[in-house]
Amino acid sequence: MAIHHHYIPQGPLANFVKVFWLFEEDALQAGKERRLPNGAMELVISLRDESMRVYDRQQPERFKVFREGVLSGAHSEFTILDSISRAEMIGVGFKVGGAYPFLPLPATELHNAIIPLEALWGAAARNLREQLLAAATPEDKFHILESFLLARLARSFEAHPAVSLALSAFQNESGDSAIATVTERIGYSPRHFIQLFSHEVGLTPKQFCRIQRFQKILHLLEGKQQVQWSDIALQCGYFDQAHFIHDFRAFSGLTPGAYLALRSQYRNHVPLSTTR
């Protein structure tokens, strides 16, 4: 039986974190699952001895092994994970750009990357996991994780105004026209704006807008068994069916029809993946 616990942080962390989550399952069948891009970063810590395997998208027989904890950067491509590795995990779903204040490096350096927490925070990451393993209740674990992040938010941080404005604008409209409007409004050159946005978010504005549109497609598909793909494409701003299919395959590795038939195997929302 799977058990999900969630905690919404208050105070300063509420500006950066969407949710803390804890996932427990007594038994899992071995298998692979896809994690689909959503524009955000995520911290994941294993609370059992199982390692996490992340498979090569082009050569599925190859994989990297991660133990204890990882940070998943903002992705613009799908990730293939070993489902057995998530028997018991705790994590932080950051808001878009929300992980940046806690990082010792620009977010853009984590694009499409999954790295061990020790590479970011050294011995502090090991100590964090030891405290989580010793904690008796989900609430205690959440408070330990919350305190860990608060300690790394040593100074008041605010996203660059141009990045904040862009993220707000892109929630309502995505695409080249939205990017052009934001760039004109903030008064920076396109190149400078891309650098600012990527530095904090880990994606270029164009990558982020494409992912937002992809997430909109997935939202519209929820609960549907039969789909009129031309209607979905138009609702999401695609005027070319080939462009729609190209984007869908780029982010999921599947045609829209194949995804609809097999979507129960793919992780988009719970518990690892979150949207802003």
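1. The structure holds 4 cavities of 30 Å³ or more, where a cavity is a set of points, on a 1 Å grid over the protein atoms alone, at which a 1.4 Å probe fits but cannot get out; grid points are joined across faces, edges and corners, and a volume is the space filled by probe spheres set on the points. This is a predicted model, in which local features need pLDDT of at least 70 and side-chain atom pairs count only at pLDDT 80 or more, while totals for chains, interfaces and linings use all residues. Residues are numbered from 1 along each chain as its sequence is written, and side-chain values use heavy atoms, with hydrogens and water left out.

2. Of the 276 residues, 51% are buried, that is, under 20% relative accessible area, as against exposed at over 50% and partly exposed in between (1.4 Å probe, protein chains only). Among the contacts with a separation of 6 or more, 74% join residues 24 or more positions apart, a contact being heavy atoms within 4.5 Å.

3. The second largest pocket has a volume of about 330 Å³, a pocket being an open set of points with protein on both sides within 12 Å along at least five of seven lines. It is lined by 16 residues, of which Val54, Tyr55, Asp56, Lys64 and Asn112 are the closest to its centre. Strand 5 (52-55), strand 6 (63-66) and strand 8 (79-82) each supply at least two residues of this lining, and strand 6 gives the most, with 3 residues. The lining comprises 8 nonpolar, 3 polar and 5 charged residues.

4. Asn112, one of the residues closest to the centre of that pocket, has a positive phi near 60 degrees although it is a residue other than glycine. Asn112 is found in the loop between strand 9 (88-94) and strand 10 (114-116), and at 26% relative accessibility it counts as partly exposed. Glu68, also not a glycine, has a positive phi of about 75 degrees; Glu68 lies in the loop between strand 6 and strand 7 (69-72) and is partly exposed, with a relative accessible area of 35%.

5. In helix 5 (residues 176-186), the buried residues are Ala178, Ile179, Val182, Thr183 and Ile186. Seen down the helix axis, these buried residues fall within an arc of 130 degrees, so they line one face of helix 5, the arc being that of the directions from the helix axis to the C-beta atoms. They pack against helix 4 (161-172), helix 6 (190-201) and helix 7 (205-221), whereas the face turned away from the buried side carries the exposed residues Asp176, Glu184 and Arg185. Just after helix 5, Gly187 takes a positive phi of about 80 degrees.

Methods: Helices (H or I, at least four residues) and strands (E, at least two) are DSSP runs, numbered from the N terminus. Ala, Val, Leu, Ile, Met, Phe, Trp, Tyr, Cys and Pro count as nonpolar, Asp, Glu, Lys and Arg as charged, and the others, Gly among them, as polar.
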